[in-house]
Structures are given as structure tokens and as C-alpha cells.
Amino acid sequence: MDNALFSRHIALADVKITDAFWQKRQHLIETTVLPYQYEALHDRVDGADKSYAVENFRKAAAVVKQLKNGATVPVYPADKWVYDEQNSAPEAFKGWVFQDSDVYKWLEAAAYTLTNHFDAALKAKADALIDLICAAQLPSGYLDTLYIINNRDGIFTNLRDFHELYCFGHLAEAAVAYHRATGETALLDAACRFADLIADTFGENKKKGYPGHEIAELALVKLYEETGKRAYLDTAAFFLDERGKRPYYFDTERNETSDGERYHYHQAHKPPREQEEAVGHAVRAVYLYSGMADVAKATGDDGLYAACQRLMRSILDKKLYITGGIGATADGEAFSFDYDLPNDLAYCETCASVGLLFFARRMLEIAPDAAIADAAERALYNTVLAGMAEDGRHFFYVNPLEVLPEASEKDSRKRHVKPVRQKWFGCACCPPNLARLLASLGEYGITANENTVYVHQYFGSEVHTEPADLRITSAYTENGTVHLAVRPQREMTLALRIPTWCGENYRFSAPCTVKEGYAYFTLSTPCDIQAAFALVPRLVNCSNRVRENIGKVAVMRGPLVYCLEEADNGKDLHLLRVSKEPQFAVNGDIITADGFREAPDGTLYADYAKRAKTPVRLTFIPYYRWGNRGENEMTVYVRI
């Protein structure tokens with residue numbers, strides 16, 4: 001690693017998002033999404049799956065009070081992934097084992113929103129939840145409602161399955177965000193007490209375990225950065241050092257034996273420094289890789305960074321959907337083998353693309369890399385945005401690239417594919433994850449060190465950095481132009497990413513040096529720089545190693561992937577073809593193109609003959625907008 005290239009994302013308080021495209025979405029988070037999700041967490045949304053999350057904290061707080069008063073508290077089984085009214089006692093824990101994390105993610109999103117725009121009513125809701133969380137914490141610092149309610153003796157006895165360290169990670173992230181937003185320490189103190197317990201429990205000559213579902217690693221680094229307590233960084237590094245060692249800790253704690261194949265799912269099949277291919281549960285993977293990048297940067301670990309580079313290339317080169325989705329298979333919500341990217345069976349969990357952005361940001365803080373920034377952009381403008389309806393009250397967990405509603409209903413292999421967004425989920429990790437990302441968007445556009453400001457994403461914004469203040473006026477998704485007003489504090493370098501989608505068709509209004517996908521400007525006095533990237537519709541091929549897309553293309557314009565919907569183009573989208581010379585026309589965010597519709601043929605088998613086709617004008621909409629007009633067919637790839 002070259003630490004001269006190290007940079008840091010900009011503190012959210014030093015960024016104000018100003019462009020209409022993203023302001024609209026952040027306003028939706030504040031006015032609709034957070035209030036709606038607050039009600040969902042309290043089980044007050046009619047027709048939605050119950051969350052139980054807040055109810056669990058109330059139960060845990062009652063247990064803690066009883067224990068402090070010396071009362072005898074009943075014990076319930078803690079042996080399942082999910083608990084409901086049928087399989088558990090009324091007073092016991094309910095929901096998935098990681099249910100606490102939904103509340104923490106909501107609080108994190110609320111903290112970012114309060115930073116962007118203070119709202120007294122929102123803060124009051126957050127403070128009430130924080131009071132409840134603190135009341136549910138054991139005197140030891142332990143804080144996980146499953147074991148507090150059901151069985152205190154089971155604490156840290158099943159790291160593989162039961163998500164205590166995962167929930168801690170989300171607690172720590174929420175605590176740091178809320179401390180930065182308000183200066184208040186109650187939640188941060190609670191997170192530090194839990195972190196102290198973890199640091200005292202795990203390490204050399206202690207328990208040699210590590211998280212089954214990763215995120216504690218990156219959260220411990222974040223807590224270290226906020227508090228300066230080295231034990232937190234050391235514990236994150238310890239988790240990475242122990243992961244994948246033999247004998248496997250997951251075998252030891254369960255008194256089992258395995259050959260490691262089962263631990264691909266957990267990314268624990270081999271030590272992280274030796275991993276070369278992105279495998280297993282996609283969300284767990286990118287959370288782990290994010291923690292690896294954090295620890296590598298903080299400790300100067302070149303071996304760990306090299307592994308991060310290999311794993312990022314594995315994703316970008318062989319396992320990334322055109323929409324920025326990752327995790328091709330519903331079997332384990334996981335990465336599949338190289339180039340296995342089915343459209344109609346795709347999983348592409350919203351959380352996975354959110355996690356890809358986490359990983360990408362950390363890699364960009366180590367060194368600028370236009371390919372990584374491009375992938376982050378692809379995920380953000382497509383899969384992440386598609387995860388939420390335009391009303392802010394309905395969500396996708398899974399983000400396919402082709403949908404036939406009848407198949408979702410009748411084909412068990414496609415039951416995970418929903419043709420319309422849902423009000424909520426029993427396993428509701430995605431909606432609050434999406435909210436916290438969009439609320440913290442200002443942290444994902446720019447990084448800086450004492451000499452250089454790197455612009456990785458072109459969000460219209462007002463930004464304060466140590467080397468310079470910037471005002472970015474962006475029409476990036478409208479016409480590909482960006483205006484940057486730069487006010488240097490001293491001589492400095494401005495680096496602007498050149499999106500790969502524009503090829504060589506870009507221009508800047510000031511002289512620059514282009515290196516590895518970034519344009520570098522040396523500035524010492526106030527100046528304005530105009531950037532223009534050719535924003536035209538284009539047909540995009542997929543590698544011919546992706547079997548499903550042979551003879552098909554996708555339509556893109558800038559960072560946006562487009563799709564066909566039945567609402568615009570009629571049924572049987574598979575019978576449509578786009579012309580090789582499509583004569584694109586753009587009207588706002590709608591693209592039309594010349595194409596053909598084949599006549600349907602009801603004869604199951606016949607000697608080959610060219611089928612009749614009729615010229616049609618195809619209508620493409622941005623992928624993120626699909627599914628907002630009711631249940632209908634959708635496809636990203638179209639025959640050519």
C-alpha cells in the first residue's frame with residue numbers, strides 16, 4: 001500500500017447534497033421512509049409482516065430490571081433462527097435471531113438524517129429508542145435481546161449461527177453515527193461497554209472465535225476511530241486473523257467436524273489473506289471485505305490489502321450483474337460460480353449492493369481506482385434505488401433482471417422473485433439498510449487527504465475539505481455535465497473520475513493529466529471547472545461466458561441501466577427484439593428505440609423457418625423505476 005494515496009471520506013456534517021435527483025430521495029427518507037419504518041418496527045403497519053424488534057427490547061429491559069431486583073427469570077430455548085407465536089412462548093423472544101439490528105440501522109439512518117437536517121420530532125423518537133436499548137443492556141455490557149430474554153447462559157456459545165456479534169456491529173455503527181450527529185454519548189457508551197466485553201472475551205489466551213455473520217470487524221474499526229481505544233482495532237484484527245484457521249472454531253463450538261466446504265457460506269473456509277474468490281453469502285462477504293480493508297489501512301497490512309484487491313476483482317470481473325447486483329443464487333443468498341448470472345433466478349439482495357458500496361468506499365480511501373468507483377456507481381443508481389418504491393413504503397429484498405409474474409407464483413425455483421415490492425419483511429434487513437445508505441450519501445462521493453481531493457461520484461453538493469471547498473452543480477444524469485467551483489486553501493490537486501461509460505468522449509475546461517481513469521488538476525487559486533461526459537443511449541453486450549445473455553443486449557445511458565416493462569410494451573417481452581440500429585430517442589428518463597415483435601407460435605416443434613416479425617417502437621425505463629405500476633413483466637436484457 002502507498003499511504004501517500006490514502007484519503008478519507010468527508011464527514012457528513014461537511015457535505016450538503018444539493019442536486020434534485022438525490023435531494024428528492026433524501027427528502028423521502030426523512031419525510032416518509034423513516035416514519036414508516038418506525039411504525040413497522042413497532043408492528044403498526046396493517047398487512048405487513050411483524051417485526052417484533054422494539055417489542056424484544058421492551059422484553060429484554062423488563063428482564064434486566066427483574067435480574068437487578070434479584071427475581072428469578074424464566075429460561076426459554078435459544079435454538080432456532082426464527083421464533084414466532086407457534087414455536088415459542090408469548091413472553092419469549094420473537095422474530096429472527098438478528099432482529100435487534102433493524103432497530104440499530106433505523107437509528108443510524110435517523111442520525112444521518114439529523115445531520116443533514118435537524119428534526120426535533122425525529123430526534124425524540126430516536127432518543128426514546130436509545131433509552132429503551134440502554135435499559136435492555138446487562139451490567140456486563142452484553143446487549144442482545146435473544147439471549148437476554150431467552151437464556152443468559154447461552155451467551156457467545158453459537159457464534160456461527162446466532163448473530164450476537166453482527167447485532168453488536170450495527171449497534172456500534174448506530175452509536176458512532178448518533179454521537180457525531182448530536183454529541184450525545186448514551187448509545188456510544190452502551191456500544192463501548194459491549195465492545196469492552198467482546199475485547200475481554202475474545203483474543204489470545206481467550207475465546208478464539210469470530211463472527212458467523214460479519215460486520216463487527218468494520219464496526220470495531222469505526223468505534224476505534226471514534227474513541228481512540230486501540231483494543232477495538234486489535235479485536236477486529238484478531239477476528240480476521242482467526243477466521244478460517246483449522247481446526248475451525250465453528251466446529252469446535254458445536255462439537256462438529258467438517259472439511260471446510262460448508263464454511264464457504266461464512267467466508268471462513270480459509271484465512272482471509274488467502275482468499276481469492278468471492279464466495280458464500282454475498283452480504284456477509286462484502287461486510288467482511290469492508291472490515292478487511294479497514295484493518296489493512298489502519299495497520300498497514302499489505303497482505304490483507306492484496307486479498308481485498310483480489311476479492312474485488314473477483315466480483316467486478318466475473319460476478320457482478322450489469323445492475324450492480326451481487327449474489328446470483330437464492331441457495332444461500334450467495335455468489336455463484338464465475339459468470340453464472342441468471343436473469344430470472346437472480347437474487348441480488350438489496351443489502352448486498354449496499355455492502356458493495358461499503359467495500360468500494362473503503363478501497364477508494366486506500367487508493368483511487370476508477371473501476372471500483374464505476375461499480376459503486378452502477379450499484380447505487382440501479383439495484384440500490386430499485387430496492388425501494390417511489391412511495392417510500394414498499395421494498396424489494398430481491399432484485400431480478402427478468403420477471404414473469406406467473407412464474408413467481410407457480411415455479412418454486414422463483415418464489416424469491418417478487419413482481420411487486422412488499423410492505424415489510426419478517427427478515428427486514430434491506431429496508432433500513434437502504435435508508436441508512438441514502439441518508440449518508442454525502443460520505444460516498446468524495447474522499448480527501450491533506451493534498452488531494454478525489455471526486456469519485458458526481459453528486460451535486462457543497463463540500464468542505466482540508467485542501468479546498470467545492471461547490472458541485474451536477475446535471476450528471478440529465479445531460480452528463482458537471483460544474484465544479486473550487487476554492488483551494490493552498491496549492492492542491494483535484495482528481496476527477498472519468499466514467500468508463502463515456503469512453504473517450506469527455507472534456508474538461510481546464511488542463512489536466514489523465515492517469516488510471518482520473519483527471520488530475522493542480523490548483524492554487526479559486527477556479528471553475530466544467531466537465532462534460534457524453535451521455536447517450538448505448539447497447540451493451542455481456543460476456544459470452546454468461547450463457548443466459550447470448551444473443552441479447554442491455555440498454556444503458558450513463559450510469560443508468562434500462563429495462564422493458566409490460567406496461568409500456570405489452571405481454572411476452574421475450575418475443576421482442578431491439579434493432580441493431582435502434583434510432584434511440586430520449587424524452588426525460590424514457591428511451592424509445594426501433595425494434596420488432598415476433599408473432600407468437602403455438603406449435604411446440606416444427607422445422608426451422610424464420611418467424612414473422614412486426615416493427616415496433618420499444619419503450620425503456622430506468623431499471624430502478626420498474627414495478628411501480630403494478631404487477632407486470634420486466635426484462636433488462638432483450639434479444640437483438
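Which residues in α11 meet which residues in α13? Select both helices to see: Ala 282, Val 283, Val 286, Tyr 287, Tyr 289, Ser 290, Ala 293, Asp 294 and Lys 297 in α11 meet Cys 351, Ala 352, Gly 355, Leu 356, Phe 358, Phe 359, Arg 362, Met 363, Glu 365 and Ile 366 in α13. Contact here means heavy atoms within 4.5 Å.

This is a predicted model, in which local features need pLDDT of at least 70 and side-chain atom pairs count only at pLDDT 80 or more, while totals for chains, interfaces and linings use all residues. Residues are numbered from 1 along each chain as its sequence is written, and side-chain values use heavy atoms, with hydrogens and water left out.

Next, select residues 230-242, helix α9 (helices are DSSP runs of H or I, at least four residues; strands are runs of E, at least two; both are numbered from the N terminus). Asp 234 and Arg 230 form a salt bridge at 2.9 Å, N to O (a side-chain nitrogen of Lys or Arg within 4 Å of a carboxyl oxygen of Asp or Glu). Both lie in α9, four residues apart, about one turn of the helix.

Move to helix α15, residues 405-410, which holds Lys 410 and Glu 406. Their closest N and O atoms are 2.9 Å apart, in a salt bridge.

Then select Asp 528 and Arg 487, whose salt bridge has its closest N and O atoms 3.5 Å apart. This pair links distant parts of the chain, with Asp 528 in strand β15 and Arg 487 in strand β10, 41 residues apart.

Finish with Glu 108, Glu 173, Lys 222 and Arg 436, which salt bridges link in a network.
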